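Here's a quick walk through one model, written for someone who likes to know the cut-offs. Have a look at the structure first, then read on.

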Amino acid sequence: MLYDLVIKNGTMVTSGDQGRLDIGIKDGVIAALAPSIDPELATEVIDAQGGYVTPGGVDAHVHLAQEFNSGPSGGAGMCADDFESGSRSAICGGTTTLIAFAMQNRGDSSLLQVVEDYHAEAMKTGSYCDWAYHVIISRPDMQMLKAELPVLVDQWGITSVKLFMTYAALQLSDYQLLDVMYEARKLSITTMIHAENGDLITWLTGRRLLLTHLTVEKLEEKGMIDPGYHAESRPPIVETEATSRAIVLAEMIQNPILFVHVGSATAAKVIRDTQSRGYPVYAETCPQYLHLTWEDLASSPTALKRFHSPQCFENSKMICSPPPGPGKSDQEALWTGLRNGTFTIYSSDHCPFRYNDVRGKAVGVLEHAASMADVTCPIDNEHVQEIVHGKTGHFKYVPNGCPGVETRLPLLFNYGVERGRITVERFVELTSTAPAKMYGLYPKKGALLPGLSDADLVIWYPPGRLDEFSLTNEHLHHDTDYTPYEGMRFGNWPRYTISKGKVVWKEGALLGSPAAGKYLKRAASQFTKAAVESIASDPARVATWLYQ
Ligand code: DUC
Ligand code: ZN
Ligand code: ZN
């Protein structure tokens, strides 16, 4: 047979084009695109019945099998998903490539060891789809950077690093940010920035001083500590200041950067203005910033549309950093940014912590001494519901992050494409093609080029074919016990997901296997590599002498 699989009668969409083309697949790769392919030439045929056929999603920002120390106190959460459950959830939502984070903790003196250990974790379970790694650097010792970053690039194909400007356990000083950016530039490594001013957050949250007359009445002193107040400890200016500062640092040493999980309209504006004057800065936003606002977590009794009591700990389900913007106008600004190119990519930032888990959101109560004062039952998962019930906890101990790897594509398809906010081509660009180019996976991923691209595809339902439904967590395939998007309406969902030519998800049935995914070594970013050459370099304004 000429083809293993042929998809007929679909509207094939790429980031630049769409058309009625049949797709022929052989040996896991796109083999042909043609107005009509003879079904007799194929072992298997799928009739797309007029539905869109898009490249499989590339989710460049997921946290799997990771202990995430996002609290100030050492209280760490454990991600609910490992590579098996996270990738299972991914394919059921149309994503066929994942990039997860190998995270260096301050105690880890070798980045290579961090990656080796993390890879062993991934190999233990396997993955339903192909995957790759970024590395998070929290201890940027120059000797290590010089010795290990080139090995990560050459041997592991890890061509991106994430740096934090907040969290006591992860925050880098400006000096350290410069150190890493300088080495990253030389190696064409993409620098991803978590932009929040950590000191500002800590100050607003408040620390009790021994000299009580010096205490400033901040959130803690005012008793504003239940999870609904997380957002008040991080108003938009927290992200905006850090974004501006990171741009100054990057520009001084002429290193292109990418801001991950941009949540505020004001940070997006800083990024847009910088792009407008020609400096290569890239940005990612995520579903939580398009669909949640402070009203989903605020402590006002009139707010809280999704969960029950304004004081209840259930608000912790929505805690992520940066938090979603205060109101609908913030969301609208981000939708505009998706349309006008401010955002290069759209990722999930799937960072799942179970609600009913002593290593999950419940840490926010368990680590808060006052909440725990009257607890007599054992601290285990069986009793955790009983422990958190009626307690406020403290937002600063709650692990930061929301699940979303499975809902990422359906949310943007339903609320972006089908509501006319973005074109279907732009959907493909944001969810697949641009992340593949950004992170050195193109055209193997993110494209439908015959002979060059893996046959990773999503076939959507034709209009009117799927009955609209309200999402519940039971629809999803992660190992998390809630979804922030509970109750939202969906009229479309991936009907088929195809990974390397194999149908892995078909009309609600999971068909894939965790043995199918392979680790991907990546090349340098197609965007940032070229951008370095284009940066204007006036020696009176930036440190051009660094590279002479
Ligand atoms: N940053 C992330 O990228 N994910 C979740 C939490 C965080 O701070
Ligand atoms: Zn982050
Ligand atoms: Zn993240």
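Which residue in β23 stands opposite tryptophan 505? Leucine 510 does.

## Ground rules

This is a predicted model, so local features need pLDDT of at least 70 and side-chain atom pairs count only at pLDDT 80 or more, while totals for chains, interfaces and linings use all residues. Residues are numbered from 1 along each chain as its sequence is written, chains are lettered from A and ligands numbered from 1 in the order written, and side-chain values use heavy atoms, leaving out hydrogens and water.

## The zinc site

Let's start with the metal. Lys162 (NZ), His194 (ND1) and His261 (NE2) coordinate the zinc ion (ligand 2) at 2.1 Å. Donors here are N, O and S atoms within 2.8 Å of the metal (3.2 Å for Na, K and Ca), and since water is not among the atoms, sites may look incomplete. Along the chain, the donors of this zinc ion (ligand 2) are spaced as K-x31-H-x66-H. Histidine 194 sits in strand β14 (residues 190–194) and histidine 261 in the loop between β15 (257–259) and α7 (265–276), so the two tie together parts that are 67 residues apart in sequence. (Helices, H or I with at least four residues, and strands, E with at least two, are DSSP runs numbered from the N terminus.)

Histidine 194 and histidine 261 are both buried, where buried means under 20% relative accessible area, exposed over 50% and partly exposed in between, using a 1.4 Å probe and protein chains only. The zinc ion (ligand 2) has the zinc ion (ligand 3) 4.4 Å away.

## The seven-stranded sheet

Seven strands make an open sheet with mixed pairing, in the order β3-β2-β7-β18-β21-β22-β23. Two strands count as paired if DSSP finds at least two bridges between them. β3 (18–20) and β23 (509–510) are at the edges with a single partner strand each, so one side of each has no neighbour in the sheet. At the β3 end, strand β2 (residues 11–13) runs antiparallel to β3, joined by three bridges, and methionine 12 stands opposite glycine 19.

Over at the other end, β21 and strand β22 (residues 502–506) pair antiparallel through four bridges, with isoleucine 498 partnered by valine 503 in β22. β22 then pairs antiparallel with β23 over two bridges. That hairpin also has two residues between its strands, and glutamate 507 takes a positive phi near 45 degrees.

## A kinked helix

Helix α14 (residues 424–438) has 15 residues and spans 20 Å from first C-alpha to last, close to the 21 Å expected (1.5 Å times one less than the number of residues). α14 has a kink of about 45 degrees centred on leucine 430, the bend being the angle between axes fitted to the seven residues ending there and the seven starting there. As for cover, 13 of the 15 residues in α14 are buried. Glycine 440 follows α14, with a positive phi near 70 degrees.

## The four-stranded sheet

There's also an open sheet of four strands, ordered β5-β4-β1-β6, again with mixed pairing. β5 (29–34) and β6 (42–47) are its edge strands, each pairing on one side only. Inside this sheet, strand β1 (residues 3–8) and strand β4 (residues 22–26) run antiparallel, joined by three bridges, and leucine 5 stands opposite isoleucine 25 in β4.
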